Amino acid sequence: MARLGLIFGDQLNQDHALLDCLDPASDRLLMGELVGEATHVWHHAKKIALVFAAMRHRADALREAAWTLDYHRYDPDSACQSFTDLVAEALRDREFEEIVVSWPGEWRVLDEVRGWEKTFGIPVTVLPDSRFLCPLEDFESWADGRKQLRMEYFYRQMRRRTGLLMDGDQPRGGAWNFDRDNRKPWRGDPPPARPMRFKPDETTAEVLELVADKMDAFGSLDDFDLPVTPTQARQALAHFIRSGLPHFGDFQDAMADDEDWLFHSRLSFSMNLGLLDPIEVCEAAERALDEGQAPINAVEGFIRQVIGWREYVRGIYWMKMPAYADMNELDSNEPLPAWYWTGETGMRCLAQTIDATRRNAYAHHIQRLMVTGNFALIFGVLPREICEWYLAVYADAYDWVELPNTLGMVMHADGGLLGSKPYAASGKYIQRMSNYCKQCRYQVADTVGEKACPFNALYWDFLDRNRERLESNQRMRMMYRNLDRMDSDKLTAIRERAAWLRENADSL
Ligand code: FAD
Ligand code: DLZ
Ligand code: SF4
């Protein structure tokens, strides 16, 4: 009897574990564009279009490679809305001896899959997800028994494991980390390196029409230019290595009012769909160093994001789910201000970041961390609401990567499991790393008063409110020393201003 292999929409990698395990001569593959997956959060239109277009191209390629594949096209009126419905439909038509999938990217989906043996009465096999370099068991063994988990130590192990940037057992360039060189603001020079653009082909154009006509999605679908096949993703990689990587390190933390990309790669879209293999991406970066095309601070900084942070957040996610999603250690309970969805706020840094998000389904890391993330942290937004926002609005967002970044790195809602301290900052940080403040309605130099930058009062108020939880953290000492220097009248005025900002959030 045949086996049924279900391929999830973000697992389009050519080395998918199913393809080694199943036999194209006797087994069948299944993929589906599902109402449930497309609407469980208010996804960005470009994200839905990217996933569907890449899925359709992958389905065509698998059929060309002699696989028998059933593909369910998006149909809002169909009774087939979820992965379970999709499998049930396949089992209605034919008998199968086994269902095979690869470990999904979301706990929610894994939980669904785990119910299938009981629902359908046949065995279900979950194979490893070959889009990652560190198997989940290896992450757990690394984490086991450590008092504190720190990305830096995990990253060093990943360097040794992959051999990337290693001279024997020593780090290349004499250090594991060159971050001290990577904090320059960008003042217009060198010119920014924009990502490569791809014209939609017929398949993609059909998907764009579908999304425009049939879906009520967030953001803009205009100028869709994303890579949707492995070939295009490789072209985008080569383009980034040539144009963005040389300056990636220097300006990694910079932000600019009218520049959406600076020197970032936009490769998360492709890596998270399986169109690019992370090791291939890192090897291309190391080759640029070998050939003198990019400096060590850029190449090391980039590789650290891919084999360090990307793998680390995934490891934490699977080790701690499902309880992780409900954590709220700082007791943050404010609703998400409505302008997170519209960008209609006078705070220039937020307005520009959200505008870019609406147009591109993208904001770069420092915008996500220090603008939209920092505001949500110091304002005290309920973690569940801000996590849902990030999962919806970015085209690279899947629970395994979005949740630890938002709930852990940004909101510190896991009590410091993922990152050692909250990235809380006042407007001064944004002023130093960008030119937003020059065009803002608010005054970055002021903390209280009608025109004062809201980040300032909220920052001091955040420290004040969380003193008991954060004061003993070594890395927060300096911040608390500064707070302690403040006289009590000023602190009272700050508390009042912060309370006013919370009450009037939607009009900021
Ligand atoms: P580059 O700056 O060019 O970096 C290169 C690659 O490194 C990225 O493509 C990505 O694969 C990897 N990377 C860098 N930082 C991280 C990180 N912190 N975690 C995981 N991978 C990383 N990334 C996602 O892929 N999906 C998400 O849903 C997501 N949500 C985030 C939410 C918040 C609140 C924050 C602060 C960060 C989030 N990130 C997420 C991490 C990071 O911001 C994006 O990976 C990055 O902006 C993608 O753009 P890029 O490809 O141009 O990255
Ligand atoms: C994000 C997404 C969207 C928008 N649509 C689909 C879909 O229609 N079919 C599908 O298989 N996957 C989709 N995905 C990705 C899933 O939500 C989910 O994150 C992964 O399938 C888990 O591996
Ligand atoms: Fe953002 Fe404050 Fe600067 Fe305005 S003044 S751009 S709100 S940091």
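A polar contact is taken here as a pair of N or O atoms within 3.5 Å. The legends below describe close-up views of a predicted model.

Figure 1. A polar backbone atom of G32 is placed 2.8 Å from a nitrogen atom of ligand 2, within the 3.5 Å limit for a polar contact. At L34, a backbone N or O atom lies 2.8 Å from an oxygen atom of the ligand. The side chain of E106 contributes an N or O atom that is 3.0 Å from an oxygen atom of ligand 2. Taken alone, ligand 2 exposes 480 Å², of which the protein buries 100%.

**Figure 2. The open sheet of 5 strands.** The strand order is β3-β2-β1-β4-β5, and the pairing is parallel. Strands β3 (68-72) and β5 (124-127) stand at the edges with a single partner strand each, so one side of each is left without a neighbour in the sheet. On average, neighbouring strands of this sheet are turned by 25° against each other, direction ignored. Strand β2 (residues 28-32) pairs with β3 in the parallel sense over 5 bridges. R28 has T68 in β3 as its bridge partner. In general, strands of a sheet pair through backbone hydrogen bonds, in either a parallel or an antiparallel manner.

**Figure 3. Polar contacts of ligand 1.** A backbone N or O atom of L267 lies 3.0 Å from an oxygen atom of ligand 1. An N or O atom in the side chain of H365 is 2.9 Å from an oxygen atom of the ligand. At D396, a polar backbone atom is 2.9 Å from a nitrogen atom of ligand 1. The protein buries 99% of the 810 Å² that ligand 1 exposes when taken alone.

**Figure 4. The shell of residues around ligand 1.** Ligand 1 has 28 residues around it, with H264, S265, R266, N272 and Y362 coming nearest. The shell divides into 14 nonpolar, 9 polar and 5 charged residues. At least two shell residues are supplied by each of the helices α12 (268-271), α14 (296-320), α17 (365-379) and α19 (399-410). The largest share, 6 residues, comes from α19. Domain 2 (136-193 + 244-320) and domain 3 (339-507) each provide at least three residues of this shell.

**Figure 5. The surroundings of ligand 3.** The residues that surround ligand 3 are M347, R348, C349, G427, I430, Y436, C437, C440, Y442, V444, C453 and F455. Helices α16 (348-360) and α20 (427-433) each supply at least two residues of this shell. By residue class, the shell divides into 10 nonpolar, 1 polar and 1 charged.

**Figure 6. Backbone geometry at P190, P322 and L165.** Most peptide bonds are trans, and most residues other than glycine have a negative phi. The peptide bond from D189 to P190 is cis, with omega near -5°. P190 is placed in the loop between β7 (170-171) and α9 (202-214). M321 and P322 are likewise joined by a cis peptide bond, for which omega is about 10°. The loop between α14 and α15 (339-342) holds P322. L165, a residue other than glycine, has a positive phi near 55°. The loop that contains L165 runs between α8 (151-162) and β6 (166-167).

Definitions and conventions: Residues numbered from 1 in each chain as written. Chains lettered and ligands numbered in written order. Predicted model: local features only at pLDDT ≥ 70, side-chain atom pairs only at ≥ 80, totals over all residues. Heavy atoms only, no water. Near = heavy atom within 4 Å. Polar contact = N/O pair within 3.5 Å; in protein donor to acceptor, adjacent residues only side chain to side chain. Areas by Shrake-Rupley, 256 points an atom, 1.4 Å probe, with all protein chains shown as cover. Helix = DSSP H or I, 4+ residues; strand = E, 2+ residues; numbered from the N terminus. Nonpolar A, V, L, I, M, F, W, Y, C, P; charged D, E, K, R; others polar. Domains from an automatic or database assignment. Pairing = 2+ DSSP bridges. Axes fitted to C-alpha atoms, helices over the stretch in contact; angles between N-to-C directions.
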